[in-house]
6 protein chains.
Amino acid sequence: MGKLVEESNAYRAKMNEKILASDNKILKRVYSLDTLTYKEGALSSKVKEMLGLAASMVLRCDDCIKYHLEKCLELGVASDEIFEVFSVANVVGGTIVIPHTRKAVEYWEELNEKNI
Amino acid sequence: MGKLVEESNAYRAKMNEKILASDNKILKRVYSLDTLTYKEGALSSKVKEMLGLAASMVLRCDDCIKYHLEKCLELGVASDEIFEVFSVANVVGGTIVIPHTRKAVEYWEELNEKNI
Amino acid sequence: MGKLVEESNAYRAKMNEKILASDNKILKRVYSLDTLTYKEGALSSKVKEMLGLAASMVLRCDDCIKYHLEKCLELGVASDEIFEVFSVANVVGGTIVIPHTRKAVEYWEELNEKNI
Amino acid sequence: MGKLVEESNAYRAKMNEKILASDNKILKRVYSLDTLTYKEGALSSKVKEMLGLAASMVLRCDDCIKYHLEKCLELGVASDEIFEVFSVANVVGGTIVIPHTRKAVEYWEELNEKNI
Amino acid sequence: MGKLVEESNAYRAKMNEKILASDNKILKRVYSLDTLTYKEGALSSKVKEMLGLAASMVLRCDDCIKYHLEKCLELGVASDEIFEVFSVANVVGGTIVIPHTRKAVEYWEELNEKNI
Amino acid sequence: MGKLVEESNAYRAKMNEKILASDNKILKRVYSLDTLTYKEGALSSKVKEMLGLAASMVLRCDDCIKYHLEKCLELGVASDEIFEVFSVANVVGGTIVIPHTRKAVEYWEELNEKNI
């Protein structure tokens, strides 16, 4: 299993647990809202995860990008589709998105190897 | 025809013409790249326009939102789908996206009236 | 009653109603979460509204700034306190925050006149 | 004299006066620092104003863009140079910068007419 | 003493020294302005540091978050108060703030251990 | 040769190759547009790279900053000029830019050592 993916997931799980163990109700609701947002609806979960990915790329949040890439893979988004999400994000968000695209490609590759 | 839509389109057309009439090759390429990005590909134009809409919302660009709403309508995105794009953008981008959602809803309504 | 305040409130109320009248559960939850966030807790509502104001200023969202200024006034934030929130936002966010500070001062003045 | 320019300058002057009339020392220092930043140095004021313009464009602050356009004109930046600043900003910042470029071109035209 | 805290402080100190050793007056003033901003005033330093923290979170600057967390601890901000600042930042700034909240919680824990 | 510079360049080269090896035409065009943007024109490449650097700093993209610092060095931008670009970026973008300035100074130093 890929090292980037493993580390990212372990850290996310560990810290999410701590955040949810706190007494802060608002943060708990943010988490549950986050989960609800990507459920099947008028739009499929697949499309919604791609929306989340595009939004994360233009906001340039590497950890968010990783998360949505994992979900996209689970939901069957193909590599040429992922690259088209990348292309929209790079055009809307500019060349400032390129370094995040590099990391996204690296993570996407590792996710796909892991899946074999 | 709705006033917001008409004014937005007239201003956009007038200023785009001036920008493209300048001798700046880079800006011309940005414009043509923008057009190319949303063409049918591995993802449909419809999905790509929704990606562009979500990206524009989290980057909080009202004029970009208007543009993508028009394209979404042309490509047959339904109101419940549009609201799901809004919901992803509001969750990823936070309550800071709410004021832009208000304007987006107003514009979407006017676009739909105009279409009848 | 001040014109800026009246218009802002009327538009906000009208559009919020439309958004909440839609069938989108996620957007409704975003709205109710927004309300909950600023309730008295370990921190007072007053401090939380100032946090919301500072966050809105560095994210440069004029409508959000207006909203938090209204709440701050209701909760008894004084003018010299408001200006200190402005100062933190201008230092953290840079001179790019200045134009939003101008509008914030204008709105704050109108809110205070209205209150007399 | 152009209407956009006149209104922008009048509003800026009126509100800056109010901000500087407040007792907030930090905001006063932000203003004086802002002035100092663009003085001749290792780089010319002309280059620095173009840096300020590019930064304002990618941060998408219309009022800041207007301000730097005025300074650029005063310092002799030519139209083809301004369009090259626009091009860098559009490439780095993405198509999200286009709507701000439209307004910038409109303002630049009016500034130049006013100057005749 | 915690490793994250130590490394962060050592790097910050080393690089600040280099920046202040340069001949650039503007950068020096930015630094001194930064210090002044959080002094006791109409608002307490404690509140101002929480404002700085909230602003840093929605702007998603991990190093700035660390800095304000240290200051908050020194000024006696309690853990439930810190989590309420986190909650405001997550609601205003959206789920994009979650990864930064994870790092903030980790750093806050280490700061508190160090303090024992 | 400096470690930061070497690692940054190796990673950039490796990932750019992968991105350009994909079948995505839009991403390829973004790359070629990026190169074209900084060519000599009405403004010199040197000025354009400084514009790119200022834009990257206020958008707080460390990898973009590194790239433009390398180009600036190649084009003969002196250290006092670089620090003036930093100063404009810190004033326009606020103290949130300070952590990125620290990394920029570290990288600039390493680039200059490497050059000896």
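Select C:V47, C:M50, C:L51, C:A54, C:A55 and C:V58 in α3(C), together with E:V47, E:M50, E:L51, E:A54, E:A55 and E:V58 in α3(E): these two sets meet. Contact here requires C-beta atoms, placed from the backbone, to lie within 7 Å. The residues of this contact comprise 12 nonpolar, no polar and no charged. Ala, Val, Leu, Ile, Met, Phe, Trp, Tyr, Cys and Pro are classed as nonpolar, Asp, Glu, Lys and Arg as charged, and the others, Gly among them, as polar.

The model is a predicted one, in which local features need pLDDT of at least 70 and side-chain atom pairs count only at pLDDT 80 or more, whereas totals for chains, interfaces and linings use all residues. Residues are numbered from 1 along each chain as its sequence is written, and chains are lettered from A and ligands numbered from 1 in the order in which they are written.

**The helix pair**

Next, display residues 45–58 of chains C and E as helices; the axes of α3(C) and α3(E) come within 8 Å and cross at roughly 45°. Helices are DSSP runs (H or I, at least four residues), numbered from the N terminus. Axes are lines fitted to C-alpha atoms over the stretch in contact, with angles from 0 to 180 degrees between N-to-C directions. The two helices are therefore oblique to each other, the class left when angles under 35 degrees (roughly parallel), over 145 (roughly antiparallel) and 65 to 115 (roughly perpendicular) are set aside. Their crossing is right-handed, that is, the near helix is turned clockwise from the far one by less than a right angle.

**Chains A and B**

Now select chains A and B, where 27 residues of chain A are in contact with 27 residues of chain B. On chain A, the elements giving two or more residues to this side are α2 (25–37), α3 (45–58) and α5 (79–93). Of these, α5(A) gives the most, with 10 residues. The side of chain A that touches chain B holds 16 nonpolar, 6 polar and 5 charged residues.

A rotation of 180° with 0.0 Å of shift along its axis superposes chain A on chain B (RMSD 0.0 Å). Superposition is by least squares on the C-alpha atoms of residues with pLDDT of at least 70 in both copies. This is the relation of a two-fold axis. The same surface serves both copies, as 100% of the contact residues of chain A recur in chain B.

**Chains A and E**

Finally, select chains A and E, whose contact takes 16 residues from chain A and 15 residues from chain E. On chain A, α1 (3–21), α2 and α4 (62–74) each supply at least two residues. This side of chain A has 8 nonpolar, 3 polar and 5 charged residues. Chain A is superposed on chain E by a rotation of 120° with 0.0 Å of shift along its axis (RMSD 0.0 Å). That is the relation of a three-fold axis.
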